[in-house]
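Student: I have a model open and want to learn how to read its features. Where do we begin?

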Amino acid sequence: MKVKFLIIVTILAFFISCDKDSVDAKSLFFRVKVDGKLVEATGINAYAVQDDDEYNIYGIFSSKSSIYIQLAKDKGVGTHQITENPNFALYADETETGHRSDRTGATGEVTITEKTAEVVKGTFKCTVKQANNSTKVYTLTEGEFSVKFR
């Protein structure tokens, strides 16, 4: 009888300790439409890194193409403009050329919906340019991410 009781208690403890909201690799993603074309990073290619003064949210789409959003460390839940350093987005296209949202004429915002010591989640949209005098502009829409800090 005691053995059955211990087995039942152990099973219940296991199920109670399982957190439905815990983050696993399958739930990590960073996706956005670049000029209307969906690109997506999942698993280990979608992550965030915390530095002393800011944190960066990454989506690695290929060996050449990626996006990261840099935000000041104090930018938590809420909507933030990403048009002025230290808050900006950087998109590297397939030619490995960088385009930023803090260039003259570019626009953008990110909405952080959750930020903990473990994860950051949110949405974003912006335009990015190669340089202040560049005419090439990429439009990034319907961006969303759910990433874990490394």
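Tutor: Start with burial. Buried means under 20% relative accessible area, exposed over 50%, partly exposed in between (1.4 Å probe, protein chains only). Tyr47 has 15% relative accessibility, so Tyr47 counts as buried. This is a predicted model: local features need pLDDT of at least 70, side-chain atom pairs count only at pLDDT 80 or more, and totals for chains, interfaces and linings use all residues. Residues are numbered from 1 along each chain as its sequence is written, and side-chain values use heavy atoms, leaving out hydrogens and water.

Student: Why is the pair of Tyr47 and Tyr58 stacked?

Tutor: Rings of Phe, Tyr and Trp (its six-membered ring) pair if their centres lie within 6.5 Å; planes under 30 degrees apart count as stacked, over 60 as edge-to-face and the rest as tilted. The whole structure holds 9 aromatic pairs. For Tyr47 and Tyr58, the ring centres are 4.9 Å apart and the planes are at 20°, so the pair is stacked.

Student: Which parts does the pair tie together?

Tutor: Strands are DSSP runs of at least two residues, numbered from the N terminus. Tyr47 lies in strand E3 (residues 46-50) and Tyr58 in strand E4 (residues 54-60), so the pair ties together parts 11 residues apart in sequence.

Student: Which residue lies over the face of Tyr47?

Tutor: A charge sits over a ring if NZ of Lys or CZ of Arg is within 6 Å of the ring centre and within 35 degrees of the ring normal. Arg150 lies over Tyr47, at 3.5 Å from the ring centre. Arg31 lies over the face of Phe29, at 3.9 Å.

Student: Which residues do ring pairs link into a cluster?

Tutor: Phe30, Phe61, Phe124 and Phe145.

Technical notes: Helices (H or I, at least four residues) and strands (E, at least two) are DSSP runs, numbered from the N terminus.
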